[in-house]
Amino acid sequence: MPLFDSINVEYIDSPFYIEDMPLGNTVYVIDDYLESSLHKSMNRHLDHCSWQKTNEVQSQTPNRGGLPNHSLWGCSFFRNPDMQDGFLNGATGAPNHLIRWFNRRLQSDFGFAWTRFQYAGGNSQTHGQHGTCHADCDNEDEWNLSFLYYTNLFWNPNWGGKLRFYSENRGGGIQDQMDDVELGFVDFKPNRLLMFDGRIQHGAEAPSEDARYIDRRSIVIRGDEIELLNKEDRYAYN
């Protein structure tokens with residue numbers, strides 16, 4: 001039986017303090033999350049990352065012969081357990097101060113602290129590079145959180161790039177292979193933030209052919225477990 005058999009996409013105007021966990025089947029979406037200058041800075045930060053084919057979802061189906069289900073452009077900022085800088089710190093080799101600030105802002109805005117942090121990094125997809133279906137954590141990680149932030153400064157809605165959610169994973173497929181188990185989607189839009197339970201199966205579609213060489217960029221920050229902060233601690237960046 002699927003862990004989630006429906007989702008509720010809720011568009012909200014501003015962040016809120018999380019009062020209860022797990023987050024459940026609601027996907028929260030905030031548009032214009034960052035001030036204009038900060039949005040541009042986040043996008044510029046990705047301009048100078050050392051992109052590599054590091055975003056992979058490994059196949060567990062025999063017919064793939066061990067080949068990955070998808071292999072996209074990625075840049076790693078820091079990983080678990082101690083938020084150490086990854087080996088991809090940008091073209092200048094400078095520490096990821098902006099990403100660390102963004103991570104602290106998420107914790108402050110939503111009133112939580114990571115207890116088992118997992119990963120922060122960037123994703124880049126061009127035409128034909130569909131992200132296949134996956135979950136961000138194990139089913140037993142009920143107190144997890146996943147964030148996606150879309151850094152592009154411009155995006156034509158006709159270029160696609162939806163994030164799709166599914167009730168189950170059929171060998172990592174996406175789109176026509178998964179239509180009958182799709183629960184819903186969220187459009188790709190600049191300066192949009194998503195927060196959801198990473199146990200929900202999901203995958204990002206590639207830009208359409210009309211986008212040509214323009215890439216669909218996102219920053220992912222996720223963890224396997226959080227703790228909710230009391231009122232006195234909510235304003236302290238961790």
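Predicted model: local features only at pLDDT ≥ 70, side-chain atom pairs only at ≥ 80, totals over all residues.
This tour moves through the structure selection by selection and states what is found at each stop.

Residues are numbered from 1 along each chain as its sequence is written, and side-chain values use heavy atoms, without hydrogens and water.

**The whole chain**

Begin with the cartoon view, which shows 2 helices and 12 strands. Helices (H or I, at least four residues) and strands (E, at least two) are DSSP runs numbered from the N terminus. Read from that end, the order of elements is β-β-α-β-β-β-α-β-β-β-β-β-β-β. Of the 238 residues, 52% count as buried; buried means under 20% relative accessible area, exposed over 50% and partly exposed in between, with a 1.4 Å probe and protein chains only.

**The two helices**

Select helix H1 (residues 36–47) together with H2: they pack at an angle of about 130°, with their axes 10 Å apart. Axes are lines fitted to C-alpha atoms, for helices over the stretch in contact, and angles run from 0 to 180 degrees between N-to-C directions. H1 and H2 are therefore oblique to each other, the class left after roughly parallel (under 35 degrees), roughly antiparallel (over 145) and roughly perpendicular (65 to 115). The crossing of H1 and H2 is left-handed, that is, the near helix is turned anticlockwise from the far one by less than a right angle.

Within H2, pick Asn103. Asn103 is buried, with a relative accessible area of 3%.

**Aromatic pairs**

Next, display the rings of Phe, Tyr and Trp (its six-membered ring), which pair if their centres lie within 6.5 Å; planes under 30 degrees apart count as stacked, over 60 as edge-to-face and the rest as tilted. The count by this rule is 16 aromatic pairs. One of them, Phe16 with Phe110, is edge-to-face, at 5.8 Å centre to centre and 85° between the planes. This pair links distant parts of the chain, for Phe16 is in the loop between strand E1 (8–12) and strand E2 (26–30) and Phe110 is in helix H2 (residues 97–110), 94 residues apart. Phe16 is partly exposed at 27% relative accessibility, whereas Phe110 is buried at 1%.

Trp155 lies in the loop between strand E7 (145–150) and strand E8 (163–166) and Phe188 in the loop between strand E9 (182–186) and strand E10 (193–196), so the pair ties together parts 33 residues apart in sequence. Both Trp155 and Phe188 are buried.

**Backbone stops**

Return to the loop between E1 and E2 and select Pro22. The peptide bond from Met21 to Pro22 is cis, with omega near 5°.

Asp32 lies in the loop between E2 and H1 and is exposed, with a relative accessible area of 58%.

Finish at Asn191, in the loop between E9 and E10. Asn191 also is not a glycine and has a positive phi of about 65°; Asn191 is buried, with a relative accessible area of 6%.
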